[in-house]
Amino acid sequence: MISTPVTPLTLPEWQQAYRDGASPAALLGALRGRLAARQRDAAVIRLISDAELQARLAALDAAAAKHPDRAALLAALPLFGVPFAVKDNIDIAGIETTAACPAFSHRAERSATAVQRLEAAGAVWIAKTNLDQFATGLVGTRSPYGRPASALAPERISGGSSAGSAVLVGRGDVPFSLGTDTAGSGRVPAGFNQIVGLKPTPGRTSTAGVVPACRSLDCVSIFAQTVDDAAGVLAVIEGDDPADAYSRFAPGPAAYAPTLRIGVPAKPEFFGDAAYAGAWPAALERLGALGHRIVPIDFTPLHEVAALLYDGPWVAERHAAVRTLLARQPEAFDDTVKRVISRALDMSATDAFVAQYRLRELAVQAAAVWADCDLLMVPTTTGHPRFADIDADPIGLNSQLGRYTNFVNLLDWCALAVPSGTTTAQLPFGVTFIAPPRHDAALARFARGWQADAALTLGATGKPLSLPATAPALWPRHAPLLPIAVVGAHLSGLPLNGQLIERGATLLEATTTAPRYRLHALPGTVPPKPGLVRDEAAGHAIALEVWAMPQSAVGSFLALIPAPLGLGSIELADGRRVHGFLCEAHAVAEAPDVSGFGGWRAYLASLH
């Protein structure tokens, strides 16, 4: 008898359910039924209809028929039968897109590129979700379709603008959802719902088929219960798109070094929220416990960048997207959204250029932070308001919520919001890690370690976090890597290891050679170095480490290797071959043979 989870939660659970033989019709039909049974669900604008779901199920059946078994099917379509939600400023072919404005509603002729790519991988959209109208806000309350609440605190806001997308993931209805992020809309709601919010480098995900907020800054973002799931979805939707003039995908590093310099605000601001202020020190303590070095940073230039987004002429981009409707039907707009967007009417082209010049100056100052830090860590937001608080000060509190989010897209950086802890008021507290452009894959790998250490339950589901020891195969693309085996002074903690780390290399594994090598202590080398030579007749297994180095850095690394050493092909214990340090045979004729120690580190220890 086939056994499947009653309610799969994460991507691996959905995939395992189908691997075990579950029916998409049964699982997705039951999910739609549960969502439809909710009365006045403010998180959802529109559910998939029965007829639309049946059409999608028929397409899944046709796809499944092309593969001999479920394993082959899931290898070809990794998101087969997995449901997802879509923020209702993102088009789905044949479905109305409202952007939370009924007067703007129109039936989309084609799906957004991100949706197309998800459906091509087998995923099934299940709901269009509520948002701050025209993605203008970080609160989730600026919509005629209702005001979603946090999945964990019904008296508090969900955050926005991607309100419903975050809530559906936080409740465990769907394993992932699409949002958008211009000023923090893919991060603030993640923090308020104890889930992951992944905001890629601008241009990494296509915005074709997305109603613009600020078209030059917008990103399609991802909500999920785990970093693994968010990263896997990014791997599916990322990439260049000729339909998006702002598409500019380029891979970056695969991973960071094990220990990092992490910049944090020297003077963090929580605007009087004692519970949030009290949760921040625990996040700093965790950083230290994980072995990272905390670097206090003056955030003044970043805050000045952030001010440009709403107080400067970038608000004119929002006006450009809706100017016709605003002129014709101003009454169709939420009052606060109209106030924000109408600021553009008092700005000129001169203002726009002056602000562009200032942004370039500030970007130079901001980029200098990466000389002292590998990553930034900030509170995802500065507090968790109640609905009454937002009603009393809708613009002021919104501005406070974006204190640590508004600058990121203007600087072309990427960011990932992750749960961190719980405040004394029993509210979720999250942090966001921020990285330079194109570091998305490395950032996700780092953040999965943070989430694993925090070990919080998944959203409002009460289910414990369960992450495998290694990242899944479905992962964002990164720059090509070359595995390099090191046996001597480049080993972890030894004098030349920094030459690997400063080139972005990361440790893959510690293993040994095949038992066909001998190790010699080369005389007169500074720092002391060994020479590895192959010996088929009387070889040993020699301890080594395999590091993954970006191929773009290999040339500069080779330039540092002195004769008689060089890179050659080394056979590992399991028969694999990788590039690694070998020595010219003539150089070991008079060098002491230290093979019996099993490795260079053991030999050095014997000298003391």
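Guide: A residue counts as buried under 20% relative accessible area, as exposed over 50%, and as partly exposed in between. Please keep in mind throughout that the model above is predicted.

Visitor: Is T201 buried or exposed?

Guide: T201 counts as buried, because its relative accessibility is 5% and the limit for that class is under 20%. As for its place in the chain, T201 lies in the loop between β9 (196–199) and β10 (219–224).

Visitor: What does T201 touch, leaving aside residues up to four places away in sequence?

Guide: Its contacts are C219, D412, W413, C414, P437, R438, H439 and D440. With R438 there is also a polar approach to look at in the model, where the side chain of T201 reaches the backbone nitrogen of R438 at 2.9 Å.

Visitor: I would next like to read the pockets; what is the general idea?

Guide: Rolling a probe the size of a water molecule over the atoms shows where empty space is left. In this structure, the largest pocket has a volume of about 700 Å³, and it is lined by 26 residues, with A255, Y256, R445, F446 and R448 lying nearest its centre.

Visitor: Which element gives the largest share of the lining of the largest pocket?

Guide: That share, seven residues, comes from α16; α16 (440–454), β16 (481–486) and β17 (506–512) each supply at least two residues of this lining. Sorted by class, the lining of the largest pocket has 19 nonpolar, five polar and two charged residues.

Visitor: How much space lies in the second largest pocket, and which residues are closest to its centre?

Guide: The second largest pocket holds about 370 Å³ of space; of the 23 residues that line it, L11, P12, Q15, D229 and P472 are the closest to its centre. By class, the lining of the second largest pocket has 13 nonpolar, five polar and five charged residues.

Terms used. Residues are numbered from 1 along each chain as its sequence is written. This is a predicted model: local features need pLDDT of at least 70, side-chain atom pairs count only at pLDDT 80 or more; totals for chains, interfaces and linings use all residues. Side-chain values use heavy atoms; hydrogens and water are left out. On a 1 Å grid over the protein atoms alone, a cavity is a set of points where a 1.4 Å probe fits but cannot get out, and a pocket is an open set with protein on both sides within 12 Å along at least five of seven lines; lining residues have an atom within 4 Å of a point. Grid points are joined across faces, edges and corners, and a volume is the space filled by probe spheres set on the points. Helices (H or I, at least four residues) and strands (E, at least two) are DSSP runs, numbered from the N terminus. Ala, Val, Leu, Ile, Met, Phe, Trp, Tyr, Cys and Pro count as nonpolar, Asp, Glu, Lys and Arg as charged, and the others, Gly among them, as polar. Buried means under 20% relative accessible area, exposed over 50%, partly exposed in between (1.4 Å probe, protein chains only). A polar contact is a pair of N or O atoms within 3.5 Å; within protein, one must be able to donate a hydrogen and the other to accept it, and residues adjacent in sequence count only if both atoms are side-chain atoms. Contact means heavy atoms within 4.5 Å.
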